[in-house]
Structure formats: structure tokens, C-alpha cells
Amino acid sequence: MSKLAAGTGKGTDVLNSAMPYFRAISTRLITGVLVFLLVTFSATALSSLAPGSAAQLILGDYATPEQIAALNAQYGYDLPVWQRYLSWLGDLLRGDLGLTLFSQQPILGVVLERAAVTFEIAFLAMAVSLIGIPIAMYTASHPNKLADKVMRSISTVLLAVPTFVIVVLFSYLFAMVLRWFPATGWAKFTENPVANLWYVALPVLCLSMHQTAYLYRVARNEFVTTLQEDYIAVARAKGLPLGYILFHHALRPAMPQILTVMGLSLTYMLAGSFVVESYFAVPGIGWTILSAVKSHDIPLVQAILSLTVVIFVIVFMLVDLGYALIDPRVKVS
Amino acid sequence: MYSEAARPILSCAAMTCEMDSVSGPLQILQDINFTLAPRRALGIVGESGAGKSMLVKAIMGIAPKGLKTKGRIELDGQDLLALKPKQRAWLIGRKVGIVFQNPMTSLNPFVQIGRQIEEAGCIHMGLSKADARSRAIELLSFVGIPDPEDCYDYYPHQFSGGMKQRIMIAAALICQPDLLIADEATTALDVTVQKEVLDLLQTIQAERQMSMILVSHNLGVVAGRTDEILVLYGGNVVEYGPTAEVFRNPRHRYTEALLSAMPAMDQPAHTRLRTIPGQPPNLANRPAGCPFAPRCPSAQAVCHEIMPPMSAGIHPDHRFACHFPLAELPRPAPQEVAHVQ
């Protein structure tokens, strides 16, 4: 009888404890939508800031008035900003953002396809960079020992060397000297997963170097701070083994900070992977936005910008929810 | 010091702790000697910086890195300083339970309290999950936590300070230790809660037949709850003996000054408390003689030059380190034994 009561109690508990999460997600989604509207509107307005008209900018200095008029008629660049924005929103809701200016492919399809490539690289790089956490754990629990000093020096060097240098060094070493991985090229994951991983290896490695070093440094500092807490002294006084203390008492308190860095890294890698992508000719979002900007493909730039906002909003929402899952004191609201 | 047949649970002999600092080596503890017999309670008192917590930490092997401990510390007959750090931690975790000063920070806010209570039992005694759980719940109710079954899954922030300290006590008891150390365990608590927790500790010590060390800067805490008392000053033992004897008849001038700094019930209202002028000694630059000499009203030239040796009082177990001890009171009739507080 009492067991039954306890059982149903647990059931409602689960429901009650899940409710705040739904509420938290929905409030964050609403804010996210507001941010999305604000940024996409700015992206639309941006083209009005260009000298002359947007159509002039796209077509160049030698365009005839007829050509400009034709482009205006097609894309509405002569309309007021708010009108253009509303029609863009309408297009977005219908799932058809039109065609890219030059290759004349559907924008949405192009963006999603390229985004998938960048996602793959970013997530793999993120996975690789997680190696920084156990290393941080070990070196933080043996501070100022040889391993700690070596890892700190390596991470300092990695953080100091810009990605475009790492890219050149790595492609020289791994593609030219060792010939382990191809220097450029691409295979779709859906067509040939093995070749895809082979092509993706170098970009992932280059992209993850900074993140690993950064994650390592943040995690190490977090672990060093956490290991000075009173409850760690208590755990040591209980005679618990070091490994147990690290995983059961130090990891979770250090996680919120690590999660923040991971969220930032992910957005950084999704948005800022153009160096790596253009160097290795990976058809991802960074590479696409770079060529779109160069060719004044305003509709494409706008679409990529919007996608980036969506990604940022989602990632930060997940990070926020992560805090609540990690720290029992955080009330989701 | 009690000549009982039983082997002492803890003894320190010629224990010295030193730490390097920018201003030279710090003498944190000097020549600490005491023994604690099974089922007896020892009080360690002294003001801030006297080395109370360092003494406990050095015994437990959780002192900050760089602390060099010499001498001999025996726990249940085993020389702790001869053991490897891992074995030492293991032995201490198994045989000693400790409750720290600040219950607010001593519990990991990220771990359910049931887990924090039972974990040492799982590791040291190989308790199964179910056994550990039932024992943790039993201990929770033993230390007076209502609804222990539900509380098992709670996190520390869901409890008050006094409750947290009770939880810490439960966690210290999981391995059925022979010795319970309470390092300023009630200092951070309200006075009423302090008394509850202290009474709980005393009950537990009696019921579980453990030895106990009560570390406090508050003589009142130690008074009625310990058998022996060790007075630390500037890292030295200045007086050591049966609690009742030391309270009734303090021989060292520092102990006497500490006792008279305590408010007494029979004082008229608004009586000014006595204070001890001056500062505790600087550990980097300690005086050659008695550490208390610079603050002692009765200090003579010899006090500043020569460290007084431990001498015995009339009571065979009462020791003190003073060149000019206070006069010995006549031995009391047994019923008069002091019970302060």
C-alpha cells in the first residue's frame, strides 16, 4: 500500500520536475524568435546601407538602368526595408527563399546542404576537443608536475598560433610529408562515408586544435579551483581514491564552466570555420558565405546569417538547460 | 597517558610540523605529545592560529602540500607517517570519521546527500548499493533527520546548516570508525543548534563507544564533554591533563587567561570580560623561550630565553609548560569536580 503510494508519488514527481523544463524551453524559444527577427531584419536592412542601391552593388559599375530595373523587379530591392523584410519572412515560411544570384540554385537547399557539412566538421572537432577534459583532470590533480607544465606550455603555444598558420603547417606535415590525409577535396558522407571521414580528418584536426587548447585551459583552471573546495578535503579525509574524487566530486562542479566554453566553441566553429573550409576547399557554410560575400550574393548571405542566428539561439538554450541539469541549485525558469 | 591496558587509539609523539614560506620555514607545530585511549574524548583548544586545525589535518594526512610532519603518529598501533599516502588515506578513511568546521561548504552541492553519506562505506567496506542505502538511511534517522527515506535523494542546499552538520556526522559514521574528530564542528552554527549538535556528538560517542576529539576555540564546548584537554598556544602544547583538573586548577598562565576570558553564569550583568593583550606569536619569527612570554603578565627574563619543559602537577596526568606556574590548589573532594557551562 505504502509502496504503491510512493510509486505514484514518484510518477507525479517526475512530471512536476519536468514541467519547469517545458516552461524554460518555451520562454527561451520566444526570446530566441525575437532575437531571430531582430537579426534577420538587420540583415535585410544591411543591403540598404550599401552605396547606391543593392541592385547596383550586385550588378557592378557597368550595369545598365534596364538591368538594374529587372533585378529590382525580381528581388524587390527598390521597395522599403520593412516591405522587403516582410516578403522575405513570407518566403521563409513558405520554405522557398528563391534562387542564388549566380548559380541559380534554390537558396534553402544550398544553405542546408552546406550547413550539414559544417555541422559534421564542427561536431567532430568538438568531439576531438573533449580530450582536453581528462587531460585537464589529470594535470589539475597533479599541479606543477611535469605533465602539467608540458600541457600548459603546449596549450599556450596552440592558443597563440592562429588557425591559418596551423592549417598550413598541418597540411604540409600530414598531406605533403606524411601523406596520411588528402590536402583538399570532398566526398559526401551519404555517398562514401569512409572517404568522407578521410577528407574531413585534416579540417577537423585543424579546427579542433584551438578548441582543445582552450577547453583544456578552462577545464584545468576549473578543476584546480574545485579541488580546493572544502568538500574535496572531506572526500580526501574519507580516504576516497583520487579517481573517484575526480569523477564523482570534481567533474560535475566544473561542468557548468566547461559547458559554457563548449557552447561558445561550437558557435565559433559553426560560424567561423571559413579559414579551414576555404583552405581545404570544403563545401561548408564558411566557404559559402565567403564566396557569397565576394560575389555580392545578398540573398544567400542573408539566408546564411539567419541560419547562424538560429544555431546560436539553439546552442545557448541547450547550454542554459545544461546548467539546470548539472547544478541542482539552478532553478529552471 | 591513562595507564589502561587497552592500546591507545591515537597517539602523537614528538610530532612537529614545518612549512616553508617566503619568510623562511614556519614552525607550525612543535613537539606535540598526547595519547587518546579507546572510548575517551579529548578536547583540543586554543585561539585562532594556535595550530588546532593543522594538528588535525596533519594527523589525517590532508594538510596543504608542503607541510612536513615529523615524529610519530600512531593510529590503532600503526605508524601513520611510515605508511604510503594511499595506504594512510585508506586506513584513516576506514578508522576515523571527521566532521569539519563549515557544514555549508563541506557537502558537495552537486551530489545527493545519501550518496555522500554512503560512499566511504561502499569504498572501504565494500557495501552493496542496497546495504549502503539502508545503512545511510538508518544513520540519517540516527542523527535526527526527519523523513530519512526522502532526504536520501535530496541535495545539500535543501537543508539548513544544523541539518547539514548532522548529515556530515552521519557521513563520518558510515564506516563505524573508532575515532570521531570534530574540527570546530559547531563554530559556524547558531548557539542553540550548536548545543544540539554537540549533545548529538556526545550521545554518539557514548552509544557507539568511540573515541572522540573535539577541536574548539571555545572552552565551554569542551568543558563537560571531554575527558582530557590539550591547550595549544602558538603551535606548542602548553597544558595537557584531565579536563576537570585543568578547569579547576589551571597551572599555565595562558590557560588561566583563557578561562577567565570566558563569561561565567555567576558573574553580575555587564561584567567586563578579561582579554589577553597582544597578538599570538608570528610563526616565522617565534620567540626563543615560552611562546606566551610576550603576552604573559608574570613573564621573567628566563621565560623569554628558555622554552619551559613539560612538568607534572600533583595529579599525575596533569602536565604544563611554564617556568612560573600558578599555585596548585588542594585536591578536591570527588564530588566537587568542576563542571563548567
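This is a predicted model: local features need pLDDT of at least 70, side-chain atom pairs count only at pLDDT 80 or more; totals for chains, interfaces and linings use all residues.
Local features were taken at pLDDT of at least 70 and side-chain atom pairs at pLDDT 80 or more, while totals for chains, interfaces and linings use all residues. Residues are numbered from 1 along each chain as its sequence is written, and chains are lettered from A in the order in which they are written.

Chain A contains 14 helices and zero strands, where helices (H or I, at least four residues) and strands (E, at least two) are DSSP runs numbered from the N terminus. The C-alpha trace of chain A spans about 85 × 65 × 40 Å along its principal axes. Of its 333 residues, 33% are buried (20 or more other C-beta atoms within 10 Å of the residue's own, the C-beta atoms being placed from the backbone). Among the contacts in chain A with a separation of 6 or more, 70% join residues 24 or more positions apart; two residues are in contact if their C-beta atoms, placed from the backbone, lie within 7 Å.

Within chain A, the axes of α5 (residues 107–129) and α13 (residues 285–294) come within 7 Å and cross at roughly 135°. Axes are lines fitted to C-alpha atoms, for helices over the stretch in contact, with angles running from 0 to 180 degrees between N-to-C directions. R114(A), A115(A) and T118(A) of α5(A) meet I285(A), G286(A) and T288(A) of α13(A). This contact comprises two nonpolar, three polar and one charged residues (nonpolar: Ala, Val, Leu, Ile, Met, Phe, Trp, Tyr, Cys and Pro; charged: Asp, Glu, Lys and Arg; polar: the others, Gly among them).

The contact between the chains takes 18 residues from chain A and 23 from chain B. On the chain B side, α2 (85–95), α3 (103–106) and α4 (113–125) each supply at least two residues, and α2(B) gives the largest share, five residues. The chain B side divides into 14 nonpolar, seven polar and two charged residues.

A nonpolar core is a set of buried Ala, Val, Leu, Ile, Met, Phe, Trp, Tyr and Cys residues joined through C-beta atoms within 7 Å. The largest has 162 residues, and those touching the most other members include L215(A), A219(A), I258(A) and L230(B). Helix α9 (residues 193–226) of chain A gives the most to this core, 15 residues. Beyond its neighbours within four places in sequence, L230(B) contacts F34(B), L42(B), G43(B), I44(B), V237(B) and Y240(B). A second, separate core of six residues includes A55(A), I58(A), Y75(A) and I298(A).

Note on methods
A residue is buried if 20 or more other C-beta atoms lie within 10 Å of its own, exposed if 12 or fewer, and partly exposed in between; C-beta atoms are placed from the backbone.
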